[in-house]
Amino acid sequence: MERSRIAVAGASGLIGGALARSLTADGHEVRRLVRGTPRTAGEIRWDPEDGRVDAAGLAGCHAVVNLAGAGVGDRRWTDAYKQRIRDSRVKGTAALAGAVASLDAEERPRVFVNGSAIGYYGETGERTADESTPAGEGFLPELCVEWEGATAPAQEAGVRTVFTRTGLVVSREGGAWARLFPLFRAGAGGRMGDGSQYWSFIALHDEVAAIRHLIDTDGLSGPFNVTAPNPVTNREITAVMGRVLHRPTLVPVPAAVLRTVLGEMAGDVLGSVRVLPTRLLESGFRFAFPEIEGAIRAAL
């Protein structure tokens, strides 16, 4: 891609930060959306919960990438926190999509990449899910449907719009794996529940590369599963973590304990989501780390 200006919401997060660093290293201009008063010309003010965006800051950007939202796994899912998760994603996306649509056609970004999640599919058990699989039932599927639907203003304005349904990102820097690594290093890691549930993962390197591929490749729109092509069970992940870190993995976490500690969120830790990146592969994308062991070693 030629050197371009790209706006990133959520640039302080795990994926957004890695994306911003990657783009900057290749000479692109990254404009970060910030909640406070902008301190540099490279910052754009917004307030996702109040639905306000400085649309002028988006003018002339080649792409807008929205990865912002309250952390799904940051705390127990009380009703109040579930509402915060929903508002931070749905209202923020609607605000950005509306701001993009409000610009004159010649100043409008050419592509809007909006974060989503494999939570869209809900529990899949042993069955595989690709982008043609309908949404599941429950909080996360309903959230993802509403989240993706909030991009409507941008789509109606003719902006190419992509949804990145991301899996569990393997990284030491944040997300679920940043919590797993210390446990396994201490020899306190083990399978969760009976370990038969599938985890659809992706290396942070491949996550960033996939987003850049979706920005760069004209004609790609709609949902894309951003997960490695070889999802594995929690039991298999546990074994690989122990082998790579040279630690025992003899301390399973019973399902009852997870439900007590995590509440409703435990259903998603224990649930099985076996997702395939069908459209991403068909578009020509190639994974650097398609297997779980390679992804874990890359993170370390």
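My entries cover strands, rings and charges.

**Ground rules.** This is a predicted model, where local features need pLDDT of at least 70, side-chain atom pairs count only at pLDDT 80 or more, and totals for chains, interfaces and linings use all residues. Residues are numbered from 1 along each chain as its sequence is written, and side-chain values use heavy atoms, with hydrogens and water left out.

**Strand β6.** Six of its seven residues are buried, so the rest of the structure largely encloses β6. Buried here means under 20% relative accessible area, exposed means over 50%, and partly exposed is in between (1.4 Å probe, protein chains only).

Next I checked the neighbours; strands pair if DSSP finds at least two bridges between them. β5 (residues 63-66) pairs with β6 in the parallel sense over four bridges, and Val65 has Val113 as its bridge partner. β8 (residues 160-166) also runs parallel to β6, joined by seven bridges. There I found Phe112 opposite Thr161.

**Rings.** I searched the whole structure for aromatic pairs and got three. The rule: rings of Phe, Tyr and Trp (its six-membered ring) pair with centres within 6.5 Å; planes under 30 degrees apart are stacked, over 60 edge-to-face, the rest tilted. Tyr120 and Tyr121 are edge-to-face, 5.1 Å centre to centre with 75 degrees between the planes. Both tyrosines, Tyr120 and Tyr121, are buried. Phe285 and Phe287 have centres 5.0 Å apart and planes at 85 degrees, so I noted this pair as edge-to-face too.

I also looked for charges over rings (NZ of Lys or CZ of Arg within 6 Å of the ring centre and within 35 degrees of the ring normal). The charged end of Arg165 sits over Tyr120, 3.6 Å from the ring centre.

**Charges.** What else does Arg165 meet? Its side chain forms a salt bridge with Glu148 (2.8 Å, N to O). Glu148 is in helix α3 and Arg165 in β8, so the pair ties together parts 17 residues apart in sequence. Both Glu148 and Arg165 are buried.

For the record, a salt bridge is a side-chain nitrogen of Lys or Arg within 4 Å of a carboxyl oxygen of Asp or Glu. My search of the whole structure gave 13 of them. Glu146 and Arg86 make another, at 2.6 Å, N to O.

Note on methods: Helices (H or I, at least four residues) and strands (E, at least two) are DSSP runs, numbered from the N terminus.
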